[in-house]
Amino acid sequence: MHMVFVNRAEEISSLREWWSAAGSQLALVWGRRRVGKTALIQEFSRDLPTVFHTGTSRPAPDELRELSRVSIPALEPGFRDVGTRPFADWQDAFETFAEAARESPLLLVLDEFPEIQATAPEVASILRAVWDRVGGRTRLRILLCGSAVRTMEAVQEERAPLFGRFGLRLRLHPFGPHEAALMLGGLVPGERALVWGLLGGVPLYLEWWDQRADLRENLLRLVCRPGGRLLTEGEYLLTTEVGRSDLARRVLYSISRGRTKFNEIEQAVGTNPARVLDDLIQSRLVERLIPVTERPEKTRRKIYRLADNFLAFWLAIVDRFRSEIDRGLGNTILPVIEKDLDDHMGLRWEEAFRAHLRRRAAQGELHPEVVAVGPFWSSGRDPAEIDAVVLAGRRREAVLVGEAKWSKRVDARPILRQLERKSEHLPRVSNEVRPCVCALERITYTGDAMTVTAEDIFAS
């Protein structure tokens, strides 16, 4: 299926700047599977002289033979006939490309680089040796790309052969709400919000959603049929991102079931989960939240939530019905799934609201000195929770407090009264603090409050 290429303007700009730099250049692009790395690189290199090779864990001779085959169009006739005389080894390949790029730049993309390393673990050391020897005499650009996040990050470590040699290191993340909206132009803003809340910002998942069909039709096709793409995708995601780690899976399942504090997760999994939690945070499957007014190194008030919308949807709602859907009960399970969607969307809508405020803050629309945007909560006899607090200045004063409701229409009056009361729990509040109310479509009786709707967050 052809994937629509949208956004990624900053990433394209970074790649073009890297391409324009003088001399030889190395770059690293990595991120989880399905996030659009290959599409990004293909878009960037569309008009450039490029050799694009994807590693597949072939035996080294077969890998080199395939690399030779895809290199034929890029190597000038008469320079070397790699069709009849393929690369003998990786040193031969790198030296040949370096020589071919003496006069004009050439881009060599090694996609799924960890797959190449799997059968040729010496490839990074060989590249370093060639690069250190001939890099100053060539205009070759080599871009290493991969989905195995831990392996790609290991390539950058201090003891790794290529440490310090990358002119660009670019980690690709799923789309935020406003970016995902660009792929959902056939839907109204409220529908875009729901799809992003279920699927997150992974481009391929958004591509799977049929914008001509309604919610029920999409869920029936993607979730409630044996072999449905989203029904099976959750297990694929767990396998590719956490591998065989039973503890990581148990941690993810415990968080999906509402155990968000460290001690709750520890009790659920029966062992200290600190290291696994750190790995899951590094993979961006989990995020650690603290009240926005507190310092990470000082507070004990930390909670954990699933950072990936689709994984949260799949673990909390879909997975418990998998076996019965496979047995043919998808039609009767569908209405049960639909009834759980509003509960699922609450936290996702709050995060979409905060992402929108961060975006507006970065554009200078909220305050000239915004230093943080995040949730706030307090404990004690009169606990308070605020969905979004914007802090500004050296004193980190609250300049905006906001509440997000996953409802089409809300009356702002009781929400504003609650925000006023809850704001008393904040350590520092600006004299000009502004309240904000967020809902899907319509907000009434707002007074001077700022309002945010799905049309603002998910404008395409």
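## The second largest pocket

In this predicted model, the lining of the second largest pocket is made up of 13 nonpolar, 5 polar and 9 charged residues. The pocket itself holds about 710 Å³ of space, and of the 27 residues that line it, Thr260, Ile303, Arg305, Leu347 and Glu350 are the closest to its centre.

Several elements contribute to this lining: helix H13 (246–256), strand E7 (303–306), helix H16 (309–318), H18, strand E8 (370–378) and strand E9 (384–392) each supply at least two residues. Helix H18 provides the largest share of the lining of the second largest pocket, with 7 residues.

## The largest pocket

The largest pocket has a volume of about 1,000 Å³, and among the 33 residues of its lining the closest to the centre are His173, Pro174, Phe175, Gly176 and Arg284. The residues of this lining fall into 11 nonpolar, 8 polar and 14 charged.

At least two residues of the lining of the largest pocket come from each of helix H1 (9–20), strand E5 (168–171), helix H8 (177–180) and helix H18 (330–362). Here, too, H18 gives the largest share, which in the largest pocket amounts to 5 residues.

Arg284, one of the residues closest to the centre of the largest pocket, has a positive phi of about 65° although it is not a glycine. Arg284 is found in the loop between helix H15 (274–282) and strand E6 (286–289), and with a relative accessibility of 48% this residue counts as partly exposed.

Ser57 is another residue other than glycine with a positive phi, in this case near 60°. Its place is the loop between E2 and helix H3 (60–71), where Ser57 is partly exposed, with a relative accessible area of 32%.

## The buried side of helix H2

In helix H2, which spans residues 37–44, the residues Lys37, Leu40, Ile41 and Phe44 are buried. These four residues lie on the same side of H2, because the arc that they cover around the axis is only 95°.

The cover over the buried residues of H2 comes from both helix and strand, and includes H1, strand E1 (25–30), strand E2 (50–54), strand E3 (106–111), strand E4 (140–146) and E5.

## Glu235 and its surroundings

Glu235 lies in helix H12, which runs over residues 229–242, and is partly exposed, with a relative accessible area of 24%. When residues up to four places away in sequence are not counted, Glu235 touches Arg249, Trp314 and Arg322. Glu235 and Leu315 are 80 residues apart in sequence, while their C-alpha atoms are 9.5 Å apart in space.

Two of the residues that Glu235 touches, Arg249 and Arg322, also belong with it to a network of salt bridges, in which Glu235, Arg249, Asp319 and Arg322 are linked.

## Salt bridges

Side chains of opposite charge can pair when their charged atoms come close. In this model the count comes to 31 salt bridges, and a few individual pairs show how the surroundings of the partners are described.

Glu11 forms a salt bridge with Arg8, with 3.7 Å between the closest N and O atoms, and both Glu11 and Arg8 are buried. The side chains of Glu351 and Arg358 meet in a salt bridge with an N to O distance of 3.1 Å; of these partners, Glu351 counts as buried because its relative accessibility is 17%, under the 20% limit, whereas Arg358 is partly exposed, with a relative accessible area of 33%. A further salt bridge joins the side chains of Glu397 and Arg395, at 2.5 Å from N to O, and Glu397 is partly exposed, with a relative accessible area of 24%.

Key. Residues are numbered from 1 along each chain as its sequence is written. This is a predicted model: local features need pLDDT of at least 70, side-chain atom pairs count only at pLDDT 80 or more; totals for chains, interfaces and linings use all residues. Side-chain values use heavy atoms; hydrogens and water are left out. On a 1 Å grid over the protein atoms alone, a cavity is a set of points where a 1.4 Å probe fits but cannot get out, and a pocket is an open set with protein on both sides within 12 Å along at least five of seven lines; lining residues have an atom within 4 Å of a point. Grid points are joined across faces, edges and corners, and a volume is the space filled by probe spheres set on the points. Ala, Val, Leu, Ile, Met, Phe, Trp, Tyr, Cys and Pro count as nonpolar, Asp, Glu, Lys and Arg as charged, and the others, Gly among them, as polar. Buried means under 20% relative accessible area, exposed over 50%, partly exposed in between (1.4 Å probe, protein chains only). The arc is that of the directions from the helix axis to the C-beta atoms. Contact means heavy atoms within 4.5 Å. A salt bridge is a side-chain nitrogen of Lys or Arg within 4 Å of a carboxyl oxygen of Asp or Glu.
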